[in-house]
Structures are given as structure tokens and as C-alpha cells.
Amino acid sequence: MKNNLLLLRSMMFVPGHNEKLIESAAKCTADALIFDLEDSVQPSSNKALARTLIVKSLSDPKFNRFQKFVRLNEIETEFFLQDVLQVTEANIDGFLLSKTNTKEDIQYLDNLLTSIERERNLEIGKFSIIPILESALSIVNINEIATCSSRIIALGFGSEDYVSDIQGVRDFDTNISISYPRSLVPIVARAHKMEAIDAAYIKVHDLEGLEKHLEIGKILGYSGMWVLHPKQNDMVNEVFSPTTQEYEDSKNFLRLYAEAQKINKGVAIIEGKFVGPPLITKSNDIISRVELIEKRRKKFDS
């Protein structure tokens, strides 16, 4: 089920009950759209409308160029079961599970999806899962969560709920309150060959702050970010894309490494740097990512 070649740089939330915003999202530059059934769908009487609208809207081919996910309400709510039963009829790739606290949360959703796939004669494993790690308990249980289901393709961090849960203070200048879990999520994700999705930057009109947030996220090892507003997408995509220099260097590293191997040298030295297996792995990852981005660009232009 896991795909090591995923492009999830920008994953933009769209309120599932808002037809105007859904139509607008079809024109955005995000890699993935997340049709929300949870926080943004208020009052709760709009939940049923949101499910119906998501299924209807995603029958339109104009959404085919996106990867499409639905953020479910929490398992403990009265909305969860109907969320899953109804939106599995939509043309979606998978689900975000809010407030994933334990492996049992994921396993419950996994088993439910398997039952639905069997009943509807769908491919087993058709629907992927991305846990949102946004509580103290989720961070304590992070490795168990990451390894409990083959449907999991990425781990995502949720900063605002996490800080609220630990009764901390969200400090945008130093980010001390989120430094530990924000560092841990990509470590665990990469250990299990998954994508790592960084927390949203909630100050949607502060592009300077967004840039700093993204720089830290890339340094930590994230490959994408939750997006709250279309104006954030382009910067997010740019930061989580290899630069032209990184791409050219990677091709050069691979060429020189291959030449070194031909004459039985274990490493090549370029500009005083040892070009051994770790750098070759990174170079291959960069080239694969550039190829994915180019494929995405062609789909966007078509």
C-alpha cells in the first residue's frame, strides 16, 4: 500500500459544506485537497450536507489532477461512522484521522475500510490513511501508530491542538512549545519510509512568518505542509521542491559516483566532499522528486 514516491508538498483544507470554496479549490496550485468534515464544518447540522456535497463535487473530472483526502470527525463522535460510509462513495484517495491517539484508532478505521472495500468489490487497501498527531498521547504512541497499518502513507503534525492539549503556550517566535513533537514526527515518518506533513501556519496573511515556518520544516525533514489558504500554496510548493542547483548537483554526484565505482573506488570526492552511499541516496531522492513535480506540472497544464 505504501508509495515511496508521493508528492504531498501542499495539502490544502477545503470546508466540505462550502460549495463556493470547493469550486474555487479546483483552480488552486495545491498538490492535494483535504475536504474537511471536522473543525471547519460548523454548525454540526452542516455535516450531512458536507458529505453529500463532497461525493457530488468529486465526480467532476476537474478534480482528477489532485490527490484527494477527507478529514474525518473524531472516532468518538456521532458523525464518524456516517462520514466513512458515505464519503467512501466519492472519488478520493484516502482519509485524515483527526486526534489519532492510539494504534487502536487507526486499526478501527482500517478494519472498517476493509469491510467497505469487500462489500463494494473495491481493491483492498484502496483508501490510504494519514494520522494527524495533535495530542500528548499521540506523540507518546507515535511509533505504534506509525506501524499499525499498511494503509498509512504519511504522518502529519497538528501544532495548535497539541499545544492546547499540553496546556502550553503557542510561541510563534521561538516555537519552543512545539519543538519536540515537531522534530519527532519526521524522524518516525522517515524511519518507516513515509511522508512527513508539517503543521499548518495559522497566520494565513503573514507570508514572512510562513517562509520562516517552512524553512524550519524543511530543515527538520518534512516533505509537505497542511495549507489553510490558497495564497500559501505557491510558497509551500517552492520550499518543498528541490532547487535547480540541488538537482544539477545530484545528477553530477551520481555520474561521478558511477565513475568511481568503475575503477573500484568506494567514494568520489567533489569540492572536498566525500560522495558516498548516503549522499547518493539523497541524490536519487531529489531526482525522483523532481520527476514527480514535472509529472504534476504536466497534469496541471493539461
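Reader: In strand 5, which residue is the bridge partner of leucine 96?

Author: This is a predicted model, in which local features need pLDDT of at least 70, side-chain atom pairs count only at pLDDT 80 or more, and totals for chains, interfaces and linings use all residues. Residues are numbered from 1 along each chain as its sequence is written, and side-chain values use heavy atoms, with hydrogens and water left out. Strand 4 and strand 5 (residues 128-133) run parallel and are joined by 4 bridges, strands being DSSP E runs of at least two residues and helices H or I runs of at least four, numbered from the N terminus, while pairing requires at least two DSSP bridges. Within strand 5, the partner of leucine 96 is isoleucine 130.

Reader: Which residue of strand 4 is the bridge partner of arginine 71?

Author: Strand 3 (residues 67-72) pairs with strand 4 (residues 94-97) in the parallel sense, over 4 bridges. In strand 4, arginine 71 has as its bridge partner leucine 96.

Reader: Is aspartate 83 buried or exposed, and with which side chain does its own side chain make a polar contact?

Author: Aspartate 83 belongs to helix 3 (residues 80-87). Its relative accessible area is 0%, so aspartate 83 is buried, a term for values under 20%, with exposed over 50% and partly exposed in between (1.4 Å probe, protein chains only). A polar contact is a pair of N or O atoms within 3.5 Å, and within protein one must be able to donate a hydrogen and the other to accept it, residues adjacent in sequence counting only if both atoms are side-chain atoms. At 2.8 Å, the side chain of aspartate 83 makes such a contact with that of asparagine 73.
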